[in-house]
Every structure is written in C-alpha cells, then in structure tokens.
Amino acid sequence: MLIKGAMICDANGEYKGDIRIKEDKITEINRSIIAHDSEEILEANGLVAMPSAIDLNVQLQNFNKENLINLSHKAALGGISLLALTPNFPNSFSAELGMELLNTLQDSFEAQILGLIQNSFENISTLHKKGAKGIYAKSSQDGNALRIACEFALMFDIPIFFECEDVSLSTNGVMNEGNLSSKLGLLGISELSETKEVAMISELVRFMGTKSVFNAIASIRSLEILKNIKKLHSNLFTQTSIHHLILTENHCNNYNTLAKIKPPLKSEETRSKLLNYLKTMDIDLLTSLQFSQPLAQKDLPFDEAAFGIDMIEYFIPMCYTLMVKTMHMTLKDLSRILSFNPANIMGLNNYGLLKEGYYADLVLFDPKETQVIDNIESPYYDWVFSGKIKGHFIKGKRVF
C-alpha cells in the first residue's frame with residue numbers, strides 16, 4: 001500500500017510526503033514515491049499521518065475476554081495502537097491466568113494490550129517470561145517489597161510504574177480537598193497524599209537507578225519534586241492525564257459524578273500550572289486514564305459513585321485540540337509525548353516513529369474536521385474537539 005500526499009509528522013519533524021507499507025512495516029518514506037504496478041494507493045492530501053499513540057495507564061473494572069476486546073477496539077478508535085493495562089486487581093486475581101488470556105487474545109485485539117506485573121504478587125520472574133512488560137507498584141507497599149521490585153526491574157530492564165498515594169490521607173475522600181469540597185459537604189483528598197509519596201518514591205528510584213514512571217501526577221508540588229530528581233536521575237518519567245489538563249474540580253459542582261476520577265480533578269490554578277509544565281515538555285507522557293464504569297455505578301450520590309471516565313476513543317483528538325489548537329504546540333511535540341516517549345520507555349524497538357523499518361502503526365486524521373461528543377454519560381457531553389481520525393493502521397492492517 002502507498003499512502004500519498006499526507007503531512008507526515010513524528011518526533012523528528014514534519015513534512016509532506018508518501019509512505020509505503022508492506023506487510024507490517026514501513027518499507028519506504030519520502031517526499032515523493034512512484035507507485036508500483038497494481039499497488040493500492042490511498043490519497044491522503046489534507047490529512048496528517050502520525051505514529052499511533054501509546055497509552056501506559058489504562059484500567060479495567062472486570063478482567064475478561066469481552067471487556068478486553070472492547071477496550072482494544074475503543075483504544076484503536078482513539079488512535080492508540082498499544083496500551084498498558086494497569087493491574088490494579090485484588091490479590092485473589094490470578095496474574096498468570098490473566099497473562100495467558102492476554103496472550104491468547106492478541107490476534108483478536110485491534111490495539112495491542114500489554115500486561116504489567118502487580119507488585120503484590122511474588123512470581124515477577126514467571127510473569128515476565130509470559131510477556132509482562134513492566135511492574136506496577138503502589139507507594140503504600142512495604143519498603144522492602146518496593147526495593148525488591150526495583151531490583152527485578154533492573155534485572156529485566158523493564159520500567160516500574162508507581163501509583164503514589166498515602167491511603168491513610170485519602171481514605172473515603174471523593175474529590176479535591178478545597179473550598180468546593182467544603183461547600184458541597186464532601187470529604188476531600190489532600191494533595192499531601194500524593195506529594196509525600198512522590199518525594200519518598202523519587203528518592204527510592206534515584207538510589208536504585210530504576211527506570212520509573214510516576215502515574216497520573218496531578219499536583220504541582222509533585223512535578224517540582226520530580227523535575228529536581230530528574231537532574232540526578234534521568235531515567236524518571238512523569239505522566240499526567242488529559243482530563244487534568246482540560247477539566248477542573250468545578251466540573252464536579254452540583255454533585256456531577258461524571259467528573260469523579262482519581263486522582264481528583266484540581267483547581268483552575270493547578271490546571272493552568274500543569275499546562276505550563278506540558279508546554280515546557282516537563283511532562284513526558286499523557287494518558288487517557290481510561291476506566292469505564294457502568295452508568296449504574298455513576299448514577300449514585302457523589303460519595304458512593306465510582307471513580308472513572310470513559311473517553312479513550314477520543315484520545316488523539318482531545319490531545320490535538322489541547323496541545324496544538326489551544327496551546328499552539330507543534331505536531332512534533334504532540335507525537336513525542338503520545339508516541340516516541342512511551343515507546344522509548346517501554347523499550348519497544350521499531351515503534352513510535354514514522355521511519356523505514358518501523359512498524360506501520362499510524363493514524364491519518366483530518367485537522368480541519370471537528371466532532372461533537374454526544375455521549376450524555378460523559379463529562380465532555382456537547383464539547384467540540386478538533387481533528388477527526390479518518391484511518392488507523394496497526395502493523396500495516398487498516399483497522400478502520
């Protein structure tokens with residue numbers, strides 16, 4: 001297949017050109033390529049071609065075949081070709097059976113789902129052999145267990161993903177602690193529950209030298225701490241959710257449970273400062289923070305409703321609207337954060353760029369088109385986002 005006339009963009013730059021795909025790889029990319037006899041040609045004038053996004057923080061309420069396939073499909077619609085499933089499951093969950101199910105379903109997936117190892121399990125080595133690509137750990141775990149997890153991460157040369165929360169400070173909290181939570185009479189989650197854990201874990205990974213991702217950071221003080229530690233330990237990466245860059249705690253007003261997520265949405269002042277960190281590229285990764293919940297678990301009193309937002313199928317348009325249309329960042333910046341950085345962190349060779357020899361994971365989207373969110377169960381209901389995905393190729397196969 002030959003894709004002709006697209007605006008080609010990745011972390012290395014942008015230019016108008018053509019892309020040849022053979023089987024699962026990009027075999028040629030240039031400003032102009034002559035088509036072979038009988039070669040399928042896709043005219044892409046006016047469209048942007050960029051590497052598919054990689055999301056390293058996605059959750060499932062129930063781990064089963066139907067939910068995994070549905071998640072894979074929705075991720076592909078959002079321009080994501082690879083996602084890491086955060087294994088925030090109870091200890092009764094069989095991690096080995098879970099990895100086996102993921103491996104069995106890979107041919108049924110559109111977006112590939114990568115397994116992570118939950119640090120509460122003892123069989124880290126076995127799960128790594130079965131294909132797990134990283135370790136997930138909670139900062140509240142025993143210090144020695146965290147140290148051992150870091151040692152395994154170093155041994156296998158895989159990243160470790162940290163959820164930083166002091167549960168003794170956040171238990172029963174349902175939204176950001178502040179004036180609005182007081183006004184609504186709701187128990188707030190203190191910023192300290194994140195920042196003190198970030199400080200502790202950042203010192204741990206600096207000492208251990210582990211490649212580490214700090215999941216869904218939403219506090220300015222946390223970013224300040226991590227920025228300073230990065231000067232001493234460059235293999236440390238900060239992730240923030242797209243929702244914390246677009247929404248604020250005010251969307252929880254009138255007890256709107258659709259905007260109830262964890263970490264909780266913050267003030268407009270915090271959101272503005274988060275955007276400054278994004279602008280200077282001191283935020284390395286963005287996540288959809290996908291966690292779909294049944295309406296029955298959202299349509300409850302605020303303090304009883306489930307945490308989570310289901311918007312993964314709009315991920316690239318949301319990021320494009322924020323970063324490029326609103327903040328006037330470049331497509332190169334967008335691609336670095338959504339594709340190149342996560343591929344590099346996961347050690348995924350031949351992913352994250354549009355380049356000869358790389359996997360043909362790419363999206364074609366029209367930056368001039370807009371789309372209105374018509375899902376009444378979304379906090380973004382009736383919002384308009386720029387950039388509509390017109391095609392998505394995963395390992396050379398067009399999934400839509």
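This is a predicted model: local features need pLDDT of at least 70, side-chain atom pairs count only at pLDDT 80 or more; totals for chains, interfaces and linings use all residues.
Visitor: Which strands does helix α7 lie across?
Guide: Helix α7 (residues 192–208) lies across β11 (160–163), β14 (212–214) and β15, and runs at about 170° to β14. Helices (H or I, at least four residues) and strands (E, at least two) are DSSP runs, numbered from the N terminus. The angle is between N-to-C directions, from 0 to 180 degrees, of lines fitted to C-alpha atoms, for helices over the stretch in contact; contact means heavy atoms within 4.5 Å.

Visitor: OK, what order do the strands take in the open sheet of six?
Guide: The order is β9-β10-β11-β14-β15-β16, with parallel pairing. Two strands pair if DSSP finds at least two bridges between them. The edge strands, each pairing on one side only, are β9 (117–118) and β16 (285–287).

Visitor: How many bridges join β15 to β16?
Guide: Three bridges join strand β15 (residues 236–241) to β16, and the two run parallel. In that pairing Thr240 stands opposite Leu286.

Visitor: Let's go to the start of the chain. Do β1 and β2 pair in the parallel or antiparallel sense?
Guide: Antiparallel: strand β1 (residues 2–10) and strand β2 (residues 13–22) share seven bridges. They form a hairpin with two residues between them. Leu2 has Arg20 of β2 as its bridge partner.

Visitor: And what does β2 do with β3?
Guide: β2 pairs with strand β3 (residues 25–30) in the antiparallel sense, over five bridges. Lys22 stands opposite Lys25 in β3. This hairpin also has two residues between its strands, and Glu23 takes a positive phi near 55° there.

Visitor: Switching topic: where is Gln141?
Guide: Gln141 sits in the loop between β10 (135–138) and α4 (143–156). The Gln141 side chain reaches the backbone nitrogen of Lys138 at 3.0 Å. That is a polar contact (a pair of N or O atoms within 3.5 Å; within protein, one able to donate a hydrogen and the other to accept it, with residues adjacent in sequence counting only if both atoms are side-chain atoms).

Visitor: Which residues does Gln141 touch?
Guide: Leaving out residues up to four places away in sequence, Gln141 touches Asn119, Ser120 and Leu146.

Visitor: How many cavities are there?
Guide: Three cavities of 30 Å³ or more. On a 1 Å grid over the protein atoms alone, a cavity is a set of points where a 1.4 Å probe fits but cannot get out; a pocket is an open set with protein on both sides within 12 Å along at least five of seven lines; lining residues have an atom within 4 Å of a point. Points are joined across faces, edges and corners, and a volume is the space filled by probe spheres set on them.

Visitor: What's the volume of the largest cavity?
Guide: About 120 Å³. It has 16 lining residues, and the closest to its centre are Pro87, Phe93, Ala95, Met99 and Leu116. α2 (95–105) gives the most to this lining, with four residues.

Visitor: And the largest pocket? What lines it close to the centre?
Guide: The largest pocket has a volume of about 690 Å³. Of its 36 lining residues, Gln59, Asn88, Glu163, Glu165 and Lys262 are the closest to its centre. β10, α5 (167–170) and α7 are the elements that give two or more residues to that lining.

Technical notes
Residues are numbered from 1 along each chain as its sequence is written. Side-chain values use heavy atoms; hydrogens and water are left out.
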